[in-house]
Amino acid sequence: MKKTLVFLLVVFMGVFLLTGCLTKEKVEEPANDNISVNEYSVGDVKSEIKENYINGTAGWDTADPDVVPLRNLKNVIVVYDGSDYGYVYGVTSDGTGLYFKVNTNLEIKDTFNATGRPYFTERDQNKGYFEYRFSIAQSDSEVATTVKGNIPWDKADYLTMDNLPGMNNLGNLVIFEGKYLGKDNYGHFDFDLNNDGNSDVKVVKYSLMPALIENNTYEVKGVVGYNYGFKIYVGDSSFVTEK
Ligand SMILES: [Ca+2]
C-alpha cells in the first residue's frame, strides 16, 4: 500500500513537472508579431511599397508607425552617402536597392543591417512616378554597421538608349558609357549615349565626380535616384573612368 502511494506520488510529480515545462515553453513563444521582425529582401520591400502606392494606402507615404510594419533588411551596402543630408542609397548583393532615410552617419561602402519602415514618396502623379524609400530614422529603428563591403557592380544594370533610368531601375546599381556634354543650367552633368549631341542621362550635381573634359567619353557607375527627374547618383570619383 505504501509502495503504491509512493509510486502514485512519483507519477503525479512527474506529470506535474512535465506539464510545467511544456506550459513554460509555450509562454516563451512570442505572443505578438511585432516582437519578431521577419527578415525581408530589398525586392520584397520594393514590391510592398509599389502595392501600397498603387492602392494609395494611408500612412505608407510617411512610414506611419501605426500603419506600416517594421521590416528587417540585412547586408545593405552604402553606394551613395548623403547622410549629412539625411539619406543614403543602399543596395544588396543582387544590385537592387532603395533610398534610406537616416539620422546616423554612414559612409560609402559601409555594410549595415537595419530595422525600419518602408514608404513611398510620390514624384509625378500623372506618370505614376514614386520613390522607393525606407526609414531607419524613427525612434524604434535600428541600424548596425558591420564590415566595409564590395559594391556588386557585376550585378549593375547597363544603361542604353533602350534602357534609360526610370521606375524599372530606380534605386538600383547602373553602369553606362557616354560622352560628357557639360553641365546643364542647374549644374547637373549631361551625358550623350548615342552620339547625337543630345543628353540622354543626367548625373545629379551632388555626385562626387572627378574633373571631366567635355566631349570625352566616360564609363560611369552609380545608382538611379530621383531629383527633378531620374538621375544617376555617383558616390565616389573612382566610379568614373575615362575611356
Ligand atoms: Ca543622345
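Colleague: How many helices and strands are there in the protein chain?

Modeller: In this predicted model, the protein chain has two helices and 13 strands. Of its 243 residues, 33% count as buried, and among the contacts with a separation of 6 or more, 60% are between residues 24 or more positions apart.

Colleague: Taking helix H2 as a case, how many residues does H2 have, and what distance does H2 reach from its first C-alpha to its last?

Modeller: Helix H2, residues 42-55, has 14 residues and reaches 20 Å between those two atoms, close to the 20 Å expected at 1.5 Å a residue. Just after H2, Gly56 takes a positive phi of about 65°.

Colleague: Which residues of H2 are buried, and why do they line one face of the helix?

Modeller: The general idea is that an α-helix has 3.6 residues a turn, so residues three or four places apart point the same way. In H2 the buried residues are Val42, Val45, Lys46, Ile49, Asn52 and Tyr53. Seen down the axis of H2, these residues fall within an arc of 130°, so they line one face of the helix. The face turned away from that buried side carries the exposed residues Gly43, Glu51, Ile54 and Asn55.

Colleague: What covers the buried residues of H2?

Modeller: The cover includes four strands, namely S1 (71-82), S3 (97-102), S4 (110-124) and S5 (129-136).

Colleague: Staying with S1, how many bridges join S1 to S4, and over how many bridges do S1 and S2 pair?

Modeller: S1 and S4 run antiparallel and are joined by five bridges; one place to look is Arg71, whose bridge partner in S4 is Gly116. S1 also pairs with S2, residues 87-91, in the antiparallel sense over five bridges, and here Asp81 has Val88 as its bridge partner in S2. These two strands, S1 and S2, form a hairpin with four residues between them, and Gly86 in the turn has a positive phi of about 90°.

Colleague: Which residues touch the most other members of the largest nonpolar core?

Modeller: That core has 53 residues, and those touching the most other members are Val79, Val88, Phe100, Val174, Val220, Val223 and Ile232. The largest share of the core, six residues, comes from S1, while domain 1 (42-148) and domain 2 (156-242) each contribute at least three residues.

Colleague: With which residues is Ile232 in contact, leaving aside its neighbours within four places in sequence?

Modeller: With those neighbours left aside, Ile232 is in contact with Pro165, Val174, Val201, Val203, Val204, Val220, Gly222 and Val224.

Technical notes:
Residues are numbered from 1 along each chain as its sequence is written. This is a predicted model: local features need pLDDT of at least 70, side-chain atom pairs count only at pLDDT 80 or more; totals for chains, interfaces and linings use all residues. The expected span of a helix is 1.5 Å times one less than its number of residues. A residue is buried if 20 or more other C-beta atoms lie within 10 Å of its own, exposed if 12 or fewer, and partly exposed in between; C-beta atoms are placed from the backbone. The arc is that of the directions from the helix axis to the C-beta atoms. Two residues are in contact if their C-beta atoms, placed from the backbone, lie within 7 Å. Two strands pair if DSSP finds at least two bridges between them. A nonpolar core is a set of buried Ala, Val, Leu, Ile, Met, Phe, Trp, Tyr and Cys residues joined through C-beta atoms within 7 Å. Domain bounds come from an automatic or database domain assignment.
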